[in-house]
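Please read these points beside the model. They start with charged pairs and move on to strands, helices and the surface.

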Amino acid sequence: MAELPKSLKSFWAKTGLEDNKAQGLSLAQHMLDSATVARYLWRNWVSEGSKNLLAQKLSLTSEDTEAFVAWVVGTHDIGKASPEFAGQLDSRNDQELLVYRQRIEDCGYTFPMDLTNVQGRCPHSQYSQSIITAWLQNLAEDDECEVAQSIAHISGAHHGIPGQYVKSPNGDRYDEQLLAYVTQQEDYDNWAVAWDQLLTFIAEEMGAGQSIMRLLNGKSLAPEVQFFLTGLTIMSDWIASNPDFFPYEEGQDQNNRMHSGFEALNLSNPWKPENLDGLTPEQIYSQRFGWGDDLILRPMQKTVVEAARSLTDGGLICIEAPMGQGKTEAGLVAAEILAHQAGKNGIMFAAPTQATANALFDRIDDWTQKAAAQSETVSMYLAHSKNQLKKEFADKRFTNVRTYESHEKELGIANVIAHQWFSKKKGILSSFVVGTVDQVLMMALASRHVMLRHLGLSEKVVVIDEVHAYDAYMNVYLENALKWLGRMKVPVILMSATLPAAARQKLMKAYSREFNPIEGIKAKRQRAAAEAAHVSAEIDLSYPVIHTVSSAQHGVPQKWDIEQPTEQKPFSLRAIDDSYVELDRVLSPVETEGGCVAIICNTVGRAQEVYEHLQNTFSSDELILVHSRFISLDRVNQETELVEKLGKKSRRGRGRPHRFIVVGTQVIEQSLDVDFDVMITDHAPVDLVLQRIGRLHRHERDGERPAPFERPICYVRGVDELGAENSTPVFSSVAELIYDKAILLSSYAQLMPFFEGDALHIPADISRTVQGAYSEEPFLPESWMEAWDEAIAERRRKAVESEKKAGGYSMNPNDKKMMFDFFEKVALSSKDADEVIAQAKVRDTEDTLEVIVVQSDDASTYRPLHTDYADAVFERDALEKPDWKLANVLAGSTIRLPYQFADKGWSSENNPLDKALSELEEDMFSAWQKHYLLKGQLALVLDQNCERVLAGKKIRYSRELGLQVLNDEIA
């Protein structure tokens with residue numbers, strides 16, 4: 001490190017710790033720490049694929065790219081060398097802190113009064129952006145240089161949002177005022193000299209001078225590059241700012257300081273995917289999943305290997321195959337092949353729900369241990385808000401990065417941990433991430449620290465499971481996320497059993513939008529012909545089927561023919577009326593013969609009513625209710641019980657009950673690997689009905705099923721008036737609120753032949769029924785056409801509304817030129833709430849409140865609702881924060897209030913959400929604010945009967961039924 005003059009060392013970045021406040025860290029040292037951290041991460045953490053792509057997009061050599069990245073990260077805090085930041089400590093009235101300003105003044109820097117004692121400070125990130133812009137424009141000799149602006153925006157956004165959009169009570173631009181001072185008044189021009197010296201110092205230390213000049217003579221940084229580099233800046237800053245890694249000391253050899261810092265941090269290794277080219281598909285699956293050498297793969301599982309190997313530079317694979325056919329394993333094998341070929345060092349596996357993610361976590365953990373064996377120790381993260389309730393993940397939080405044990409090496413497995421540093425927003429930076437699809441969708445949401453999500457996902461292969469499960473609103477985010485992933489050449493794998501062809505085409509087109517063909521009339525004609533052929537292929541009913549698209553294919557999808565399965569399982573479908581009399585008739589064989597039954601309802605209220613009705617016939621140990629209105633701890637216990645009783649390993653007489661009825665909502669269709677003897681489902685879109693049927697006779701159980709259910713049968717109810725050739729089915733108003741009426745109609749039409757006696761063959765009939773239902777002009781009886789036309793008109797109106805609503809926050813990379821443009825119309829809320837709010841915004845649901853449910857008998861002492869922790873009593877006025885056990889139990893006692901308490905957009909005195917919030921805020925527990933798991937959480941306090949009145953509505957909670965709204969209004 002070059003010796004700096006005393007004047008430059010006078011600027012401070014960090015104040016000292018409590019025991020020595022005056023011993024802080026200089027700005028110059030922090031800048032150097034940040035730059036060397038970024039260089040270390042670039043060399044040891046960033047994937048080769050990302051490094052090569054960044055060099056290509058910047059038109060720089062790999063060496064110059066590394067130097068520029070280190071410089072742009074190292075200079076992010078230059079705005080701290082401003083009078084407003086440097087003089088802010090005066091207001092704290094702490095004598096120990098006055099030394100920071102005094103040191104700077106002693107070196108001859110004058111503090112303008114109007115830029116020191118200000119209300120609503122201008123953030124130093126905004127100063128950084130302005131200072132770097134001016135410095136680069138001076139180098140370029142161009143006061144309007146857009147390249148300079150595009151580079152400076154990275155430092156401006158290092159707090160997770162562009163500096164100019166940070167909310168401040170004072171709208172004045174003090175950064176512009178300061179620049180005017182230093183350029184027009186001699187008393188202040190030494191500030192500008194200091195900026196030049198500090199920026200030049202980092203450029204010289206990192207060898208970035210040449211790369212900076214080359215960039216200034218080129219094009220502006222693309223927004224995907226800005227997001228990536230801002231994410232890396234945030235990551236580097238958070239590491240360099242931690243005194244446990246980089247103590248507040250000066251004068252140490254920088255190389256030793258950097259290595260000591262990373263030794264203290266002790267990051268796990270990035271994944272080094274193996275080259276599997278020398279293995280047959282059978283050998284790959286056998287090694288990764290412990291299958292025997294004599295295994296016989298399904299044609300889809302073999303073809304996916306061939307398809308993945310064809311994408312030598314990455315791309316997108318869409319796998320459409322029946323339920324229970326090994327798509328998860330195929331997706332993981334394809335992901336490993338793509339990771340090696342595209343130079344990526346991680347995988348993100350996204351599932352529709354928390355329950356699905358929890359179920360997948362263990363399977364992917366087992367695979368990771370084998371696939372990452374060469375990397376020795378890798379980090380894995382469960383990405384959803386209730387991850388602390390998943391014991392297998394929580395246990396990994398306490399596993400250290402350690403020496404690779406000899407027995408692990410002999411077994412050929414990796415040490416898979418959940419590194420402590422990769423938590424919360426940083427969790428997406430782990431090598432292996434299993435989570436809800438929201439984690440991918442939020443890549444396209446203008447939210448605080450979204451840049452970290454861009455960084456984390458850019459390093460990985462992204463696998464999105466059950467991609468059919470998303471509505472028009474969520475698809476806006478999904479398509480935009482795919483556009484960002486396509487721009488960063490991130491390999492993507494989409495998987496579904498029931499994906500409409502039109503939806504597949506839209507998703508593949510979104511991903512490949514930037515994959516332009518070779519210029520020239522001939523090439524354009526070839527592309528047009530190929531696209532035309534692909535459009536005509538939309539009516540192709542091949543199934544299972546795989547499609548790929550990549551830049552090498554010029555963005556034109558390629559279909560991979562798969563040998564069609566010879567085995568076809570016949571299912572019987574019967575439509576029944578919605579009466580309890582009919583339900584009891586269907587269930588009567590269960591009373592006498594036994595059997596495991598799924599009853600799937602479209603709403604929580606219906607499920608609760610059905611469960612209460614069945615309590616008159618079946619005992620409590622033969623019934624279970626599963627839906628979203630149970631506290632998180634109860635839901636986890638329910639999931640565990642279902643897998644133990646109805647999973648693949650359970651057998652009649654050995655875990656699988658003689659008689660067991662599961663009443664639930666859509667969570668059953670999307671989540672657990674469970675198997676039923678008979679199914680009763682509410683009518684729904686045909687792809688979801690087929691998903692539900694995928695849990696019927698899912699596993700082989702020779703001789704175990706009761707005689708009445710030896711052949712799989714599914715009963716469809718929940719329709720007010722059954723349909724026929726000459727009569728249109730009538731759906732309930734609640735069903736039409738949940739699902740599009742048009743798709744309910746076309747789905748019913750597709751299922752009618754099966755209702756009338758035809759056998760539904762799976763997988764042969766899947767594609768025909770799904771594509772038929774989602775066709776622009778599905779086959780419908782003539783008598784239904786009036787209802788169809790009305791439904792289509794309503795669909796179009798709602799689609800416009802949903803897309804407009806989503807578009808207000810969703811970031812389409814094709815709409816903007818620079819990163820800060822995406823935040824122009826977005827009002828971000830407080831830091832603590834951003835993650836929760838972001839997850840809500842990528843789903844088209846009315847905003848409701850999440851609460852922690854507790855019980856009190858005397859309005860003095862309280863306890864968690866969960867009966868297993870009834871002894872964990874606490875007081876309202878407790879001063880100490882809850883201990884670890886109590887905090888975890890309370891964090892697991894959350895529930896989201898139902899739609900009756902949602903934000904209706906009404907005036908606050910009439911709006912259910914505002915009324916509920918006002919009442920809940922009266923029950924705040926001050927000690928909760930001291931624990932990170934509970935900070936900001938609302939409490940729903942129930943009486944000794946587990947009841948209360950909230951916003952005029954009586955509610956009750958029970959372990960059997962969950963949360964109920966007992967009446968609409970109490971006078």
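1. Arg956 and Glu947 form a salt bridge, with their closest N and O atoms 2.8 Å apart. A salt bridge here is a side-chain nitrogen of Lys or Arg within 4 Å of a carboxyl oxygen of Asp or Glu. Arg956 is partly exposed at 30% relative accessible area, whereas Glu947 is buried at 13%. Buried means under 20% relative accessible area, exposed over 50%, and partly exposed in between (1.4 Å probe, protein chains only).

2. The model is predicted: local features need pLDDT of at least 70 and side-chain atom pairs count only at pLDDT 80 or more, while totals for chains, interfaces and linings use all residues. Residues are numbered from 1 along each chain as its sequence is written, and side-chain values use heavy atoms, leaving out hydrogens and water.

3. How many salt bridges does a search of the whole structure find? The search finds 47. One of them joins the side chains of Arg309 and Asp277 (3.9 Å, N to O). Arg309 lies in helix H15 (residues 299–310) and Asp277 in the loop between helix H13 (254–265) and helix H14 (281–289), so this pair ties together parts that are 32 residues apart in sequence. Helices (H or I, at least four residues) and strands (E, at least two) are DSSP runs, numbered from the N terminus. Arg309 is partly exposed at 24% relative accessibility, and Asp277 is also partly exposed, at 49%.

4. Asp857 and Arg863 form a salt bridge with their closest N and O atoms 3.0 Å apart. Asp857 counts as partly exposed at 45% relative accessibility.

5. An open sheet of nine strands runs in the order E6-E5-E7-E4-E8-E9-E3-E10-E11, with mixed pairing. Its edge strands, E6 (415–417) and E11 (558–560), each pair on one side only. Two strands pair if DSSP finds at least two bridges between them. Neighbouring strands of this sheet are turned by 15° against each other on average, direction ignored; axes are lines fitted to C-alpha atoms, for helices over the stretch in contact, and angles run from 0 to 180 degrees between N-to-C directions. Strand E5 (residues 377–383) pairs with E6 in the parallel sense over three bridges, and Ser379 stands opposite Ile417 in E6.

6. Which way do the side chains of strand E14 (residues 623–626) point? Leu623 and Leu625 point one way, Ile624 and Val626 the other, and all are buried. In a regular strand, side chains alternate between the two faces of the sheet. E14 and strand E17 (residues 659–664) run parallel and are joined by four bridges. Val626 stands opposite Gly664 in E17.

7. Helix H2 (residues 27–44) has 18 residues and reaches 25 Å from its first C-alpha to its last, close to the expected 26 Å. The expected span is 1.5 Å times one less than the number of residues. In H2, 14 of the 18 residues are buried.

8. H4 is mostly covered, with eleven of its 13 residues buried, among them Phe68, Trp71 and Val72.

9. Phe398, in the loop between helix H18 (391–396) and helix H19 (406–411), is exposed at 63% relative accessible area. Phe398, Trp884 and Tyr932 make a nonpolar surface patch of about 410 Å². Patches are made of residues with over 30% relative accessible area and no salt bridge, joining like charges within 9 Å and nonpolar side chains (Val, Leu, Ile, Met, Phe, Trp, Tyr) within 5 Å. Accessible areas come from the Shrake-Rupley method with a 1.4 Å probe; for residues, only the protein chains shown count as cover.
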